[in-house]
Amino acid sequence: LQYPADSFCRDSVAPLPNLSTDSVGILIGSLGVSFLNPLEGSLDLSNIPEGGPYVVRYDIANPCAVDPTATFYIAAKPNLSLIYPKVEACVGDSGIIPTLQSNPVSALQDLEFSAQAGLAMDSAGTIYPNASQPGFYQITCQTSNHCPARESTELPIYPRPQGTRLTIEPD
């Protein structure tokens with residue numbers, strides 16, 4: 001008895017086990033395990049509490065047989081927050097550093113940032129309006145852990161107005 005992974009996200013597609021036996025039996029889960037279909041063994045991940053280990057056993061009717069088991073864990077998608085201290089910027093402004101929060105904090109490792117072309121941004125999410133093109137940008141941050149979370153925000157970058165020169169001439 002084997003599931004496709006040893007850890008699942010609560011909002012993942014229900015995994016089906018691979019059972020390599022011809023013996024007749026029934027799938028039984030440890031406390032907390034919920035099945036969408038107990039005959040197939042598809043797990044109802046949304047109803048299994050986070051944590052584990054959880055065990056599923058294929059109870060074979062033959063008392064001399066060894067019942068195959070599978071062990072797995074349920075992980076939660078992190079709560080991710082991406083906040084920039086400015087809601088708009090102008091071309092020429094200095095760098096804008098985001099505030100990132102997550103529960104668990106470990107999800108803040110190996111974040112991936114993305115935005116449309118024209119926005120100058122480094123791998124830590126700092127935006128550089130002084131090297132960007134004017135435009136409305138959607139900035140997305142995604143965790144790269146087992147249960148990825150994604151957060152987006154928007155930031156317009158406006159062009160600096162071209163000043164007119166005032167020339168004062170004597171009379």
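User: Okay, which strand is Tyr 158 found in?

Analyst: Tyr 158 is in strand β12. Strands here are DSSP runs of E with at least two residues, numbered from the N terminus. Before we go on, this is a predicted model, where local features need pLDDT of at least 70, side-chain atom pairs count only at pLDDT 80 or more, and totals for chains, interfaces and linings use all residues. Residues are numbered from 1 along each chain as its sequence is written, and side-chain values use heavy atoms, with hydrogens and water left out.

User: What sheet do the four strands form, and in which order?

Analyst: An open sheet with mixed pairing, in the order β8-β12-β11-β10. Two strands pair if DSSP finds at least two bridges between them. The edge strands, each pairing on one side only, are β8 (89–90) and β10 (112–114).

User: How many bridges join β11 to β12?

Analyst: Eight, with β11 (residues 135–142) and β12 (residues 150–158) running antiparallel. Thr 140, for example, has Ser 152 as its bridge partner in β12.

User: Back to Tyr 158. What does it touch?

Analyst: Leaving out residues up to four places away in sequence, Tyr 158 touches Glu 88, Ala 89, Cys 90, Val 91, Pro 134 and Phe 136. Contact means heavy atoms within 4.5 Å. Ala 89 is 69 residues from Tyr 158 in sequence, yet their C-alpha atoms are 6.3 Å apart.

User: How accessible is Tyr 158?

Analyst: Its relative accessible area is 31%, so Tyr 158 counts as partly exposed. The classes are buried under 20%, exposed over 50% and partly exposed in between, with a 1.4 Å probe and protein chains only.

User: And which aromatic pair does Tyr 158 form?

Analyst: Phe 136 and Tyr 158 pair edge-to-face, at 6.0 Å centre to centre and 90° between the planes. Rings of Phe, Tyr and Trp (its six-membered ring) pair if their centres lie within 6.5 Å; planes under 30 degrees apart are stacked, over 60 edge-to-face, and the rest tilted. Phe 136 is in β11 and Tyr 158 in β12, 22 residues apart. Phe 136 is exposed, because its relative accessibility is 64%.

User: How many aromatic pairs does the count come to?

Analyst: Five. One of them is Phe 8 with Phe 72, edge-to-face at 6.0 Å and 65° between the planes. Phe 8 sits in β1 (residues 7–9) and Phe 72 in β6, so this pair ties together parts 64 residues apart in sequence. Both rings' residues, Phe 8 and Phe 72, are buried, and they form one aromatic cluster along with Tyr 3 and Tyr 54.

User: Switching to cores: how many residues has the largest nonpolar one?

Analyst: It has 16, and Leu 43, Val 56 and Phe 72 have the most contacts inside it. Such a core is a set of buried Ala, Val, Leu, Ile, Met, Phe, Trp, Tyr and Cys residues joined through side-chain atoms within 4.5 Å. The elements giving two or more residues are β5 (51–60) and β6 (69–75), with β5 contributing the largest share, four residues. Apart from it lies another core of 15 residues, including Ile 139 and Cys 141.

User: Last topic, which cysteines does a disulfide join?

Analyst: Cys 9 and Cys 147, with S to S at 2.0 Å. The cut-off for a disulfide is cysteine sulfur atoms within 2.5 Å. The S-S torsion is about -110°, so the disulfide is left-handed.
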